[in-house]
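Reader: I am new to protein structures and would like a friendly tour of this one. Could we take it step by step?

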Amino acid sequence: MTGHPTRGFVGRPRVHNPGLPPGQYDAGTDWPVLSAEVTPRIAPRDWTLRIDGLVAEERTWTWDDVRALPTSSYEGDIHCVTSWSKFGVRFGGVSLDVFLDAVRPDPAATHVVAYAHTGYSTNLPLADVTGGKAWVAFTYEDEPLPAEHGGPARLLVPHLYFWKSAKWLAGLRLLDHDEPGFWEQNGYHARGNPWEEQRYAGD
């Protein structure tokens, strides 16, 4: 799935719900599978996470390293730019703060590029992934995260549109500037706040 975003996507008929961001519908029990790439099958033993760039100490974690870290969970809602939202989901993983504390970001760092084992990437302000706002997630509803939804581990940034929560997470690179990722280079918004309906560049 490549090319420019399609503004014609309207999803299901809208039902007013004050808990939904503008332009969204409640997907209920459905969790649509939308990916820019073919779903990879990555065994946990082959999965790694690296954080580099503007940090005091670049680090790489294996699956066993990550699973040995203190875990926490997110319970709340998620919102996709293609108009669906899901209420009351539960993800488990490790807060991204744990990893960033280990590498000690340089004071000059302002943004991160999250990249996947497939080559997909997305950009985020550092402020959007710190302070308890983001996770490396590996369970969903207390079960291992399915491959089609980013397993064995994905980035989870639930307060932004879900394309920012990179599937099959391989690493984060800290930068002193914003550097657009895959969808951002193809017309999507640089930040992606659902409540401000930041779907496309210029919104």
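Author: Gladly! A hairpin of five residues links β2 to β3. This is a predicted model, in which local features need pLDDT of at least 70, side-chain atom pairs count only at pLDDT 80 or more, and totals for chains, interfaces and linings use all residues. Residues are numbered from 1 along each chain as its sequence is written, and side-chain values use heavy atoms, leaving out hydrogens and water.

Reader: In which sense do β2 and β3 pair, and over how many bridges?

Author: Strands are DSSP runs of E with at least two residues, helices are runs of H or I with at least four, and both are numbered from the N terminus. Two strands pair if DSSP finds at least two bridges between them. For β2 (residues 48-53) and β3 (residues 59-62), the sense is antiparallel and the count is four bridges.

Reader: Which residue in β3 stands opposite Thr 48?

Author: Look across from Thr 48 to strand β3. The residue facing Thr 48 there is Thr 62.

Reader: How many helices and strands does the protein have?

Author: Along the sequence, the pattern reads β-β-β-α-β-β-α-β-β-β-β-β-β-α. That comes to three helices and 11 strands.

Reader: Why does the radius of gyration agree with a compact globule?

Author: The radius is taken over C-alpha atoms, and the globule rule is 2.2 Å times the number of residues to the power 0.38. For 203 residues a compact globule would have a radius near 17 Å, so the protein agrees with its 16 Å.

Reader: What share of the residues counts as buried?

Author: Buried means under 20% relative accessible area, exposed over 50%, and partly exposed in between, with a 1.4 Å probe and protein chains only. Of the 203 residues, the buried share is 50%.
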